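Work through the following exercises with the coordinates open, taking each solution one step at a time.

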Amino acid sequence: MRRWLKRTLWALAVVIGLPLLAVLLLYTFSDTGPGRRSIEALADFFTGGDVRIAGLDGSFPNAIRASHVELKDDDGVVWLILDDVSLEWSPWGFLSDDVAIASAHARHAKVVRLPVSHSTDTTPGMTRYTIGSAVIDQAE
């Protein structure tokens with residue numbers, strides 16, 4: 001085989017194979033205790049503390065359970081508390097903008113108050129809620 005063909009095949013193996021191996025290892029690691037604790041910490045880190053998850057369990061990512069979830073608003077005050085949460089879904093829908101949720105349950109949900117948002121770019125007659133990085137506009 002020609003030298004350039006061997007080099008091309010090795011380059012393709014590295015470019016395609018290494019990311020695929022990384023995803024496979026991440027997928028496998030997420031179904032371990034340390035992996036779940038890491039996901040809890042990453043959710044807290046990437047949302048700036050607006051989403052706190054404790055007791056993550058289940059089969060990641062399709063059938064997730066958490067013993068406790070808290071959501072904070074722009075003021076950093078908890079506005080929603082969920083206990084014994086379960087979610088069955090297919091996250092692969094994010095690739096095609098078609099996320100399918102089979103079921104979502106919480107044994108106990110407590111809305112402490114409506115979330116506060118400091119965003120000023122709403123249209124008249126609309127209220128804007130910010131949950132982590134998600135923004136929800138609701139007609140008044």
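Predicted model: local features only at pLDDT ≥ 70, side-chain atom pairs only at ≥ 80, totals over all residues.

**Exercise 1.** Determine which helices and strands the buried residues of H2 pack against.

*Solution.* Begin with the extent of the helix: H2 runs over residues 33–46, and its 14 residues reach 20 Å from the first C-alpha to the last, close to the 20 Å expected at 1.5 Å a residue. Next, apply the cut-off of under 20% relative accessible area for a buried residue, by which Gly 35, Arg 36, Glu 40 and Ala 43 are buried. These residues lie on the same side of H2, because they cover an arc of only 145° around the axis. On the other side of H2, Pro 34 and Phe 45 are exposed. Finally, the buried residues of H2 pack against helix H1 (3–29), strand E1 (51–54) and strand E2 (57–59).

**Exercise 2.** Identify the residue that caps the N-terminal end of H2, and describe the phi of Gly 48 just after the helix.

*Solution.* At the N-terminal end the cap is Thr 32, a side-chain oxygen of which lies 3.2 Å from the backbone nitrogen of Gly 35. Just after H2, Gly 48 takes a positive phi of about 65°.

**Exercise 3.** Describe the largest pocket by its volume and its lining.

*Solution.* The space in the largest pocket comes to about 1100 Å³. Its lining is made of 32 residues, and those nearest the centre are Ile 53, Phe 60, Ile 64, Leu 87 and Trp 89. Sorting the lining by element, H1, H2, E1, strand E3 (63–72), strand E4 (78–90) and strand E5 (100–111) each supply at least two residues.

Terms used:
Residues numbered from 1 in each chain as written. Heavy atoms only, no water. Helix = DSSP H or I, 4+ residues; strand = E, 2+ residues; numbered from the N terminus. Expected span 1.5 Å × (residues − 1). Buried < 20%, exposed > 50% of the residue type's maximum accessible area, 1.4 Å probe, protein only. Arc of directions from axis to C-beta. Contact = heavy atoms within 4.5 Å. Polar contact = N/O pair within 3.5 Å; in protein donor to acceptor, adjacent residues only side chain to side chain. 1 Å grid on protein atoms, 1.4 Å probe; cavity = no way out; pocket = protein on both sides within 12 Å on 5 of 7 lines; lining within 4 Å. Points joined across faces, edges and corners; volume = space filled by probe spheres on them.
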